[in-house]
Amino acid sequence: MTQPALHLTAAGLIVFATIFHSVMGHKMLIAPTLAVDDPFIQDPMTQGITRFGWHSASGFFLLTALIIVLPDTPATLIWATGGLWVALGLGNLIMLKAKHPGGYLLSLIGLLILAGEAF
């Protein structure tokens with residue numbers, strides 16, 4: 001694959017991960033967490049901050065997709081973006097003992113970005 005193809009593939013996976021993260025993550029993790037009968041969890045500010053933080057991460061995912069597909073993005077920024085995705089993927093795999101599929105996907109995205117820049 002060529003650089004643009006690898007970066008477009010990575011960007012497509014980022015968009016997929018973003019949608020999955022926002023929709024399924026909210027349904028399977030955020031909503032049940034916010035339903036816990038605890039005064040701190042039930043506080044409107046806690047609820048708002050939790051939702052905002054979760055979905056903000058998805059916005060940053062999309063920003064990294066844009067970074068790697070825009071023409072004339074500095075190579076250093078692309079290398080840093082790929083390295084970040086690999087680091088996050090490996091961190092996920094280590095912290096969650098490879099039981100969460102996100103670590104594999106994040107690592108793959110980072111490797112595609114790095115490969116696209118290297119070749």
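Helix α1 (residues 3-34) and helix α3 (residues 44-69) pack against each other at an angle of about 175°, and their axes lie 8 Å apart. Because of this angle, α1 is roughly antiparallel to α3; angles over 145 degrees count as roughly antiparallel, those under 35 as roughly parallel, those from 65 to 115 as roughly perpendicular, and the rest as oblique. The contact of α1 with α3 comprises 16 nonpolar, 11 polar and one charged residues. In this classification Ala, Val, Leu, Ile, Met, Phe, Trp, Tyr, Cys and Pro are nonpolar, Asp, Glu, Lys and Arg are charged, and the others, Gly among them, are polar. Axes are lines fitted to C-alpha atoms, for helices over the stretch in contact, with angles from 0 to 180 degrees between N-to-C directions.

**Model and overall fold**

This is a predicted model, in which local features need pLDDT of at least 70 and side-chain atom pairs count only at pLDDT 80 or more, while totals for chains, interfaces and linings use all residues. Residues are numbered from 1 along each chain as its sequence is written, and side-chain values use heavy atoms, with hydrogens and water left out.

The protein chain averages a pLDDT of 96, and 100% of the residues score at least 70; pLDDT is the predictor's confidence in each residue, from 0 to 100.

The protein chain has five helices and zero strands, and its pattern along the sequence is α-α-α-α-α. Helices (H or I, at least four residues) and strands (E, at least two) are DSSP runs numbered from the N terminus. Along the principal axes, the C-alpha atoms of the protein chain fill a box of roughly 55 × 30 × 20 Å. Of the 119 residues, 37% count as buried; buried means under 20% relative accessible area, exposed over 50%, and partly exposed in between (1.4 Å probe, protein chains only).

**The largest pocket**

The largest pocket holds about 820 Å³ of space. Its lining has 26 residues, and those closest to the pocket centre are H21, W54, F61, H100 and L106. Helices α1, α3, α4 (75-95) and α5 (102-118) each supply at least two residues of this lining, and α1 gives the most, with eight residues. By class, the lining of the largest pocket divides into 18 nonpolar, eight polar and no charged residues.

A pocket here is an open set of points on a 1 Å grid over the protein atoms alone, with protein on both sides within 12 Å along at least five of seven lines; a cavity is a set of points where a 1.4 Å probe fits but cannot get out, and lining residues have an atom within 4 Å of a point. Grid points are joined across faces, edges and corners, and a volume is the space filled by probe spheres set on the points.

**Loop residues with positive phi**

Most residues other than glycine have a negative phi. D72, which is not a glycine, has a positive phi of about 70°. This residue lies in the loop between α3 and α4 and is exposed, with a relative accessible area of 78%. A98 is a further residue other than glycine with a positive phi, near 60°. A98 is found in the loop between α4 and α5 and counts as partly exposed, at 35% relative accessibility.

**Selected residues and C-alpha separations**

The loop between α4 and α5 also contains P101, which counts as exposed at 58% relative accessibility. S22 is in helix α1 and is buried, with a relative accessible area of 18%. T46 lies in helix α3 and counts as buried at 11% relative accessibility. L93 is in helix α4, where its relative accessibility of 17% counts as buried. The table pairs each of these residues with a second position.

| Residue pair | Separation in sequence | C-alpha to C-alpha distance |
|---|---|---|
| S22 and G59 | 37 residues | 9.5 Å |
| T46 and L112 | 66 residues | 37 Å |
| P101 and G89 | 12 residues | 9.5 Å |
| L93 and S107 | 14 residues | 9.0 Å |
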